[in-house]
Amino acid sequence: SLIDGMDWDALDAAIMSCARCELAKSRTQGVPGVGDRQADWLFVGEAPGANEDRLGEPFVGDAGKLLDAILAAIGLRRGENVFIANVLKSRPPGNRDPKPEEVATCLPYLVRQIELIRPKLIVAMGRFAAQSLLSTDMPLGKMRGRLHSYHGVPLVVTYHPAYLLRNPLDKAKVWEDMVLATDTMHELNR
């Protein structure tokens with residue numbers, strides 16, 4: 001497809017003007033992603049919410065604050081060796097779950113972003129990110145706790161920060177996942 005050969009400027013422009021699915025009609029703007037375009041760490045979520053749609057940046061609001069806290073806990077900061085993106089670049093109305101055809105239509109943008117960034121490690125946050133990148137319908141709980149591979153790039157699966165806001169007891173599991181991620185990164189950097 002056309003997306004395969006795009007550089008960053010073309011890719012961002014394509015995302016901002018995208019009308020490939022019905023979400024283009026209801027969104028305010030596309031949300032390509034944010035951060036270091038040569039990052040070692042790539043964090044991938046599901047889809048923009050209302051705040052993201054308004055501001056054009058992923059993970060703002062309470063889920064974003066929690067993500068920033070998770071990053072800080074492993075010595076990372078947004079924008080420094082970290083890129084943050086979503087599978088969907090447009091907000092689903094009412095924050096409903098993405099439809100399979102929306103994921104299929106939008107995923108090539110993320111795939112191209114990964115090709116351009118060439119991260120050393122991917123952290124998939126939530127079921128949609130993990131299932132989309134790993135082409136599986138396995139439940140998130142079964143995917144956690146071990147290393148996966150996305151086209152040779154190590155991938156760690158964890159809960160989405162928005163889920164943690166509703167289920168704070170699972171923060172301990174996310175800490176386990178971040179230990180796995182940091183241990184993996186240390187191995188890669190040896």
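This short talk walks through the structure shown above, going from the whole chain to a few single residues.

Before anything else, please keep in mind that this is a predicted model, in which local features need pLDDT of at least 70 and side-chain atom pairs count only at pLDDT 80 or more, while totals for chains, interfaces and linings use all residues. Residues are numbered from 1 along each chain as its sequence is written, and side-chain values use heavy atoms, with hydrogens and water left out.

Let me start with the overall picture. The protein chain holds nine helices and six strands, where helices (H or I, at least four residues) and strands (E, at least two) are DSSP runs, numbered from the N terminus. The radius of gyration of the protein chain is 15 Å, which agrees with the value near 16 Å that a compact globule of 190 residues would have; that radius is taken over C-alpha atoms, and the globule rule is 2.2 Å times the number of residues to the power 0.38. Along the principal axes, the C-alpha atoms fill a box of roughly 40 × 35 × 30 Å.

Of the 190 residues, 49% count as buried, and here buried means under 20% relative accessible area, exposed means over 50%, and partly exposed lies in between, with a 1.4 Å probe and protein chains only. The accessible surface comes to about 9,100 Å², and 52% of that surface belongs to carbon and sulfur atoms; these areas come from the Shrake-Rupley method with a 1.4 Å probe, and for residues only the protein chains shown count as cover. Among the contacts with a separation of 6 or more, 71% are between residues 24 or more positions apart, a contact meaning heavy atoms within 4.5 Å.

Now to the aromatic rings. A search of the whole structure finds three aromatic pairs, and the rule is that rings of Phe, Tyr and Trp (its six-membered ring) pair if their centres lie within 6.5 Å, with planes under 30 degrees apart counted as stacked, over 60 as edge-to-face and the rest as tilted. One of these pairs joins Trp-8 and Phe-83, and it is tilted, at 5.5 Å centre to centre with 40 degrees between the planes. Trp-8 lies in helix 1 (residues 8-16) and Phe-83 in strand 3 (residues 82-86), so this pair ties together parts that are 75 residues apart in sequence. Trp-8 is buried, with a relative accessible area of 12%, and Phe-83 is buried at 3%. Tyr-159 and Tyr-163 also pair, and because their ring centres are 4.6 Å apart and their planes at 15 degrees, the pair is stacked. Tyr-159 counts as buried at 12% relative accessibility, whereas Tyr-163, at 23%, counts as partly exposed.

The next stop is helix 6. How many of the eight residues of helix 6 are buried? In helix 6, residues 127-134, seven of the eight are buried, and the helix is mostly covered. Among the buried ones are Phe-128, Gln-131 and Leu-134. The buried residues of helix 6 pack against several elements, including strand 2 (41-45), helix 5 (100-117), strand 4 (121-125) and strand 6 (153-158).

Just after helix 6 comes Ser-135, which takes a positive phi of about 50 degrees although Ser-135 is not a glycine. As background, most residues other than glycine have a negative phi. Ser-135 sits in the loop between helix 6 and helix 7, and at 69% relative accessibility Ser-135 counts as exposed. His-151, which is not a glycine either, has a positive phi of about 45 degrees; His-151 is found in the loop between strand 5 and strand 6, and is exposed with a relative accessible area of 72%.

I will finish with two residues in helices. Met-178, in helix 9 (residues 171-188), is buried, with a relative accessible area of 2%. Which residues does Met-178 touch, not counting residues up to four places away in sequence? They are Phe-43, Ile-70, Ile-74, Val-123 and Thr-158.
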